[in-house]
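Work through the exercises below with the structure open beside you. Try each task before you read its solution.

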Amino acid sequence: MIEISPDIAFIEKLQGATGSQLTTCMQCGACTASCSLSEDQDVFPRKQMIMAAWGMRDRLMADPHVWTCHQCGDCSVSCPRGVKPGEILAALRQEQIVHYSKPAFLARWMQKPAFFPAAILFPAAIIILILSLAGTFSIPEGPVDYSEFFSHAWLNGSFTALFVLSTIGAVIGLRRFTRNVFTQRTVQKTNPDKPDQGQSPQAPQPALRGILTVLGRIMSHRDFNSCDEQKSRSVTHFLVFWGFILLLFVTFFAILSTIFFEYPLSILNPIKIAGNLGAMMLLAGSSFMILNRLRKRDQSNYADWFFLLSFWLLTFSGMLVEGARFHEWSFAYHLYFFHLVMVWIIILYYPYTKFAHFLYRTVAMIITRSGRQAG
Amino acid sequence: MDKKSVLIIGGGISGITAAVEAAEAGCKVYLIEKRPYLGGQVARMNEYFPKLCPPYCGLEINFKRIRNSSRIEVITSAEVENLSGTAGDFTIELRLEPEYVNSSCTVCGDCSAVCPVEAKDSFNFGMSMHKAIDLPHELSYPNRFYLDDLVCQKESCKKCEEACNYDAINLEAAPGKRKIKVGSVLFCTGWEPYDPTNLKEYSWGESPDILNNVMMERVGAPNGPTSGKILKPSDGEPARKIAFVQCAGSRDENHLPYCSAVCCSASLKQAIYFTEQDPENRADIFYIDLRVSGRNEDFLKRVEENQQIRLIKGKASEVSLLEGSPVIEAEDILSGRKIREQYDMVVLATGVVPCIPGLKGIELDPDGFIAKDALENGLSAGGCCFEPKDVASSVRESTGLVINALQ
């Protein structure tokens with residue numbers, strides 16, 4: 001016997017977020033069958049659909065399959081009832097991020113437009129505070145030199161501290177998620193009414209190899225590419241993904257150069273070239289993402305837009321800041337300040353926005369792979 | 001004008017039943033059929049559900065009742081062009097297709113023997129060939145040959161006209177018109193299977209081994225293209241493993257939003273007569289829910305006990321082709337696994353689409369059926385006009401509907 005106490009508010013929230021009437025789902029399984037990522041023995045999203053319809057919030061919060069979905073939309077197209085399993089899973093992912101986030105208020109800030117001013121003013125205020133402490137909160141005279149405005153030591157120090165802080169938040173969230181997933185799995189396995197369907201005899205894959213396989217799949221976008229609908233999404237994500245990673249390395253090297261070498265780098269320095277290339281990829285990818293969303297307006301909500309737009313603004317303002325330095329624009333420092341606020345928004349909020357998907361999805365993919373044989 | 005007169009549009013099982021019941025109750029009956037023969041969809045069926053008896057048995061009894069009645073006038077190859085008037089005084093204008101073969105035909109077959117044109121036989125959904133002049137099917141009523149004027153060479157050939165010893169053929173026949181006045185009108189215009197060309201995900205048209213359920217009835221029928229042996233249309237080899245895809249276009253908002261009501265019974269029946277042909281035969285039925293009600297549930301039990309038939313809960317999401325053979329993908333919901341299986345033949349259980357003529361006084365509901373409450377006084381409808389229905393309920397309903405004509 002499974003006892004079900006439906007969480008009505010949860011059902012209504014999911015329906016509100018997706019515009020899907022969960023009760024019209026007739027559990028035909030067309031979504032699962034059309035999903036190219038659903039494995040033969042471990043299927044989704046039909047199961048998630050009935051759990052959602054029955055308001056089984058606890059089970060869904062502990063479900064890693066919500067993350068193995070890459071939201072290609074194959075299931076929503078094949079659904080004979082116009083319910084959108086893909087959208088439901090997207091809403092569940094957002095719900096999981098909010099559910100596991102600590103401190104929880106930061107995750108709530110990301111969800112509602114009402115908190116938008118706070119979400120922007122909070123990092124801006126802190127930057128002003130740091131600048132005031134450093135005693136450089138004024139526009140410097142002479143040729144554009146950003147280190148006059150925000151010295152490298154203060155910049156590197158404060159931003160690294162911020163990154164460490166938010167990463168602690170991210171780790172706490174991930175730990176809560178992983179623990180919950182494993183607890184729920186044990187509960188299900190020991191449920192005498194639901195015999196294990198022959199999955200246990202399989203030897204679990206060696207952990208390290210499993211992790212490497214998953215990382216390989218992420219880097220090559222293999223799972224993303226297997227979707228039939230909306231193939232372009234994989235390309236745009238590929239651009240953003242590698243553009244971001246490239247910039248991450250460049251940033252790391254830039255921090256080192258501010259300490260050990262000369263900075264700023266010349267425009268022909270290979271590191272600088274790599275940085276500009278990464279920025280270009282990021283800008284192109286995220287611009288396409290925005291255009292794709294504008295074309296079908298119903299697929300995004302505020303939290304999704306907040307993340308995507310802040311990412312785009314971060315990239316675009318970064319490129320402008322670079323241009324301003326070369327061309328000695330009078331408002332260079334204003335741009336720079338804006339760019340720094342965007343950097344703070346991204347770093348401060350990364351465990352609470354859609355950005356956290358890279359953590360949750362990676363962990364979920366590793367968990368769902370373990371207990372299954374390689375190949 | 002006889003006050004108790006009725007015009008029945010549609011000579012399928014519903015129309016025929018209503019016609020004989022009304023005539024035997026003293027009514028003047030005009031039975032209008034657009035095809036050259038009566039019997040509609042039932043004439044093409046292999047077996048009835050759930051008794052698995054030949055449908056022609058029941059049709060022939062009714063044909064005999066029509067022949068014996070002086071009050072029924074059967075008008076084939078005719079369509080209603082206009083309907084006007086009110087209850088008790090309707091005027092119907094008919095368009096009559098040219099009658100190339102008249103009632104002098106003795107079904108001797110001399111015309112067909114000399115006919116040089118072969119064409120796909122539409123009675124068998126193009127799965128066999130027949131002559132341009134031929135019997136519509138071997139038991140057709142009225143029992144006379146029919147000339148298919150889309151393929152006949154007419155003036156340039158004339159061989160059949162010369163061969164006929166009974167002056168039954170007139171290649172110069174022209175289309176006609178006719179006006180009939182009656183007291184009431186009954187719609188029994190029937191249904192057609194949902195157009196499978198819309199079912200791209202099921203690879204319709206890409207392999208002759210992917211059929212729909214009405215074609216399957218012809219394949220199983222003793223007077224069908226394979227004399228009742230269920231063979232793969234692609235190579236004529238016996239089919240050993242068949243999949244039935246339920247709700248192929250039904251209960252789907254991209255196709256027919258409603259449940260077509262009869263396809264579950266039809267597939268269960270087809271699986272039974274297929275597996276009875278050979279103990280090696282295997283049938284898989286992919287379903288969302290098996291909708292068989294009332295005493296038909298006994299039939300479901302019979303299927304469940306049949307070791308050659310597997311009932312798989314899960315909608316087939318795709319039928320693709322692998323080395324020419326159809327492959328089905330679905331989730332087997334009861335075991336929570338995805339399955340991918342290859343078959344010799346796939347039968348799509350396509351649903352019921354109503355055939356309603358666009359006439360004054362007829363309003364349609366959003367699904368294309370006649371809106372029951374909007375029917376004008378003096379008009380009534382049976383068969384699949386209001387909703388998808390099986391033969392037994394259509395017959396019962398038609399018998400009852402006759403009261404409308406008698407009042």
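**Exercise 1: Domains of chain B**

Task: State how far apart the centres of domain 1 and domain 3 of chain B lie, then describe their contact.

Solution. The model is predicted. Start with the centres: taken over C-alpha atoms, those of domain 1 of chain B and domain 3 of chain B are separated by 30 Å. Next, locate the domains. Domain 1 is built from 5–96 + 176–190 + 355–406, domain 2 from 110–163 and domain 3 from 194–352. Now take the contact. On one side stand 12 residues of domain 1 of chain B, on the other 18 residues of domain 3 of chain B. Last, sort the domain 1 side by class: six residues are nonpolar, one is polar and five are charged.

**Exercise 2: The overall form of chain B**

Task: Compare the radius of gyration of chain B with that of a compact globule of 407 residues.

Solution. First, the expectation: a compact globule with 407 residues would have a radius of gyration near 22 Å. Chain B has 22 Å, so the two agree. Then look at the spans. Along its principal axes, the C-alpha trace of chain B covers about 65 × 55 × 35 Å. Count the secondary structure: chain B has eight helices and 22 strands. Finish with contacts. Among those in chain B with a separation of 6 or more, 68% join residues 24 or more positions apart.

**Exercise 3: A helix of chain A**

Solution. Next, see which residues are buried. Those of α16(A) include A:F306, A:F307, A:F311, A:L314 and A:V321. Their cover includes α7 (85–100), α8 (104–111), α15 (270–295) and α17 of chain A. Now step past the helix end. Just after α16(A), A:E328 takes a positive phi of about 55 degrees.

**Exercise 4: Cores and the chain interface**

Task: Name the residues with the most contacts inside the largest nonpolar core, then describe where chain B meets chain A.

Solution. The largest nonpolar core has 167 residues, and B:I8, B:A19 and B:V245 have the most contacts inside it. Helix α17 (residues 332–349) of chain A gives the most to this core: 13 residues. Another core, of 14 residues, lies apart from it, with B:F145 and B:L147 among them. Turn to the interface. Here 17 residues of chain B are in contact with 18 residues of chain A. On the chain B side, β18(B) gives the largest share, three residues. By class, that side has three nonpolar, five polar and nine charged residues.

How values were computed
Residues are numbered from 1 along each chain as its sequence is written. Chains are lettered from A and ligands numbered from 1 in the order in which they are written. This is a predicted model: local features need pLDDT of at least 70, side-chain atom pairs count only at pLDDT 80 or more; totals for chains, interfaces and linings use all residues. A nonpolar core is a set of buried Ala, Val, Leu, Ile, Met, Phe, Trp, Tyr and Cys residues joined through C-beta atoms within 7 Å. A residue is buried if 20 or more other C-beta atoms lie within 10 Å of its own, exposed if 12 or fewer, and partly exposed in between; C-beta atoms are placed from the backbone. Helices (H or I, at least four residues) and strands (E, at least two) are DSSP runs, numbered from the N terminus. Two residues are in contact if their C-beta atoms, placed from the backbone, lie within 7 Å. Ala, Val, Leu, Ile, Met, Phe, Trp, Tyr, Cys and Pro count as nonpolar, Asp, Glu, Lys and Arg as charged, and the others, Gly among them, as polar. Domain bounds come from an automatic or database domain assignment. The radius of gyration is taken over C-alpha atoms; the globule rule is 2.2 Å times the number of residues to the power 0.38.
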